[in-house]
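Biologist: I would like to learn how to read a structure. Please take me through a few features, one at a time.

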Amino acid sequence: MPAAAVSTNFGIIVLCPANFRVEADGLRYAMSLTGKTNWQSRVSYKDDAELAERLKRREPQAMADLYDRYGRTTYSLIFRIVRNTAVAEDLVQETFLRIWNRARAFDSERGALGAWMLTVARNRALDYVRSVDGRMAQSAAELHEMESPSAFADIEQDVLNIDRVRLLRDAFTKLNPKQREVIEMAYYEGLSQSEMAKRMQQPLGTVKAWARSALKVLRDQLGQVAT
Amino acid sequence: MKTCQEFAELLELYAMGALDGEEKAELEQHLSGGCQVCSEGLKRAGASMLFLATMPEQMEVPSRLRARILASAGAPRPNRGWMAAWAVATAALAITAIWLAGRNLDDDRALEAARAEIRRTAADLANAQLALRFLDEPETKQVVFGRGQPQPPRGSVLLNATRGVLLIATHLPPTPSGKIYELWVIPKGGAPRASGLFQSNAQGDAVYLREGAVDIAGTGAIAVTVEPESGSNAPTTTPIVVAPVSGL
């Protein structure tokens, strides 16, 4: 079988090679920060709103565009969590199908599609890791609630804005190793503070202090963005 | 009880699922009490940590994954060898349709409808092409299901020992919200093996290819059930499709 091919949209590709607008406001998404430069740097939240509308109409090309926009970042995030390519592929598929199935409930005007996509991806991966480990730090109901389309209405649509993300990434890299470790264990492993304390063989109070001081640094950076 | 300002320091941890014990219970009680400030703060806190999702090293994505995902969402995949002819044919179709649309309908909505129709037509053609290519393999075996049954769905399952299992189904019942179709390869005398998730298109049609070697002689049946969208390890509902494979 062909390894990868656009399925149903040759007509559109032939006629409309420039699927994505370059927005006048210059907003760019953070994916371009994370690896090789690609066209995703030209995508803005306005493109995402339009894409979300097409997903709601269940246009096959919308799914292809969603994958082209977020496939690599989603795969990389999931792989970072599960560390297994075959599992990562299954979970990426599950993530995209979940978005496809629930797009009708997504508010394309007020919602942040990228934020929803990456949250679903993280939750799918953590759910898998926890099931393998026999851990249930968060219940399935909690995960379900956190990735509900309505949870992404009215959050800042440029949450993945390149400047904002760059600032936070810079701040993150300047945290001390223990601070970074606890945030990474929380985000990529889904560990609770008690589980971290056990893993690190440190008092719970110490782990909490590392986590809080790390988050304060990041919060202060966001405050700078706001001002 | 903590104040909203004190709870604000816990929101990122809660959003990441790292809060536990008494602090978690206290915050949840506070949120369930309807505090708008903390509810909004929680949304912002979750969003603010999303930069971490962009930090992992960007991996090379296996090229097959794109096609697999599009197929599972009801969009078919073409054969590269046909790509040029396909592009020309579809472009011609598109130009004709848009020209017709331009003659009769002046607004953007009409043009968009014409484009959507082209996409659907192209999807149907690509589906047919995928099936033909699979059938063209001498070793491919075919099983028909649903024929003569009073109720749909109907269709075919094509099995190829080296290429995999191709399901072509029509009139699939719409899946409820949060549900998805799951394909099962059922070995003779064995438990069903989960073989992939897929969706139908708006008309209830689906073409789904499960790539990979399949032991045709050792397979008893191919089945489809409706499952939670994360899939199941074993069927949890009565199959809507059962295609016996024995005797091929």
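Biologist: Which exposed residues does the face of H7(A) turned away from its buried side carry?

Modeller: This is a predicted model. The exposed residues on that face are Asp170(A) and Thr173(A).

Biologist: And which residues of H7(A) are buried?

Modeller: Start with the general idea. An α-helix has 3.6 residues a turn, so residues three or four places apart point the same way. Here the buried residues are Arg164(A), Val165(A) and Leu168(A). They sit on the same side of H7(A) because the arc they cover around the axis is only 95 degrees.

Biologist: How many residues does helix H7 of chain A have, and what span does it reach?

Modeller: Helix H7 runs over residues 162–173 of chain A and has 12 residues. From its first C-alpha to its last it reaches 16 Å, close to the 16 Å expected at 1.5 Å a residue.

Biologist: Now sheets. What is the order of the strands in the open sheet that contains E1 of chain B?

Modeller: To read a sheet, list its strands in order and then look at the two ends. The order in chain B is E1-E2-E3-E6, 4 strands with antiparallel pairing. The edges are strand E1 (141–145) and strand E6 (206–211) of chain B; each has a single partner strand, so one side of each lacks a neighbour in the sheet. On average, neighbouring strands of this sheet are turned by 15 degrees against each other, direction ignored.

Biologist: Over how many bridges do E1(B) and strand E2 of chain B pair?

Modeller: E1(B) and strand E2 (residues 154–160) of chain B pair over 5 bridges, in the antiparallel sense. Within this pair, Leu159(B) in E2(B) has Lys141(B) standing opposite.

Biologist: Which strands of chain B make up the open sheet with E5 in it?

Modeller: That open sheet has 4 strands in the order E5-E4-E7-E8, and the pairing is antiparallel. Strand E5 (193–198) and strand E8 (241–244) of chain B are the edge strands, pairing on one side only. From one strand to the next, the twist averages 20 degrees. Inside the sheet, strand E4 (residues 179–187) and strand E7 (residues 219–228) of chain B pair over 9 bridges. Lys179(B) has Pro228(B) in E7(B) as its bridge partner.

Biologist: Last, confidence. Where in chain A does pLDDT stay under 50?

Modeller: Look at the mean, then at the stretches. For chain A the mean pLDDT is 74, and 67% of the residues reach 70 or more. Over residues 1–43 of chain A, pLDDT stays under 50. For those residues the model has 104 contacts beyond four places in sequence.

Notes
Residues numbered from 1 in each chain as written. Chains lettered and ligands numbered in written order. Predicted model: local features only at pLDDT ≥ 70, side-chain atom pairs only at ≥ 80, totals over all residues. pLDDT = per-residue confidence, 0-100. Contact = placed C-beta atoms within 7 Å. Pairing = 2+ DSSP bridges. Axes fitted to C-alpha atoms, helices over the stretch in contact; angles between N-to-C directions. Expected span 1.5 Å × (residues − 1). Buried ≥ 20, exposed ≤ 12 C-beta atoms within 10 Å, placed from the backbone. Arc of directions from axis to C-beta.
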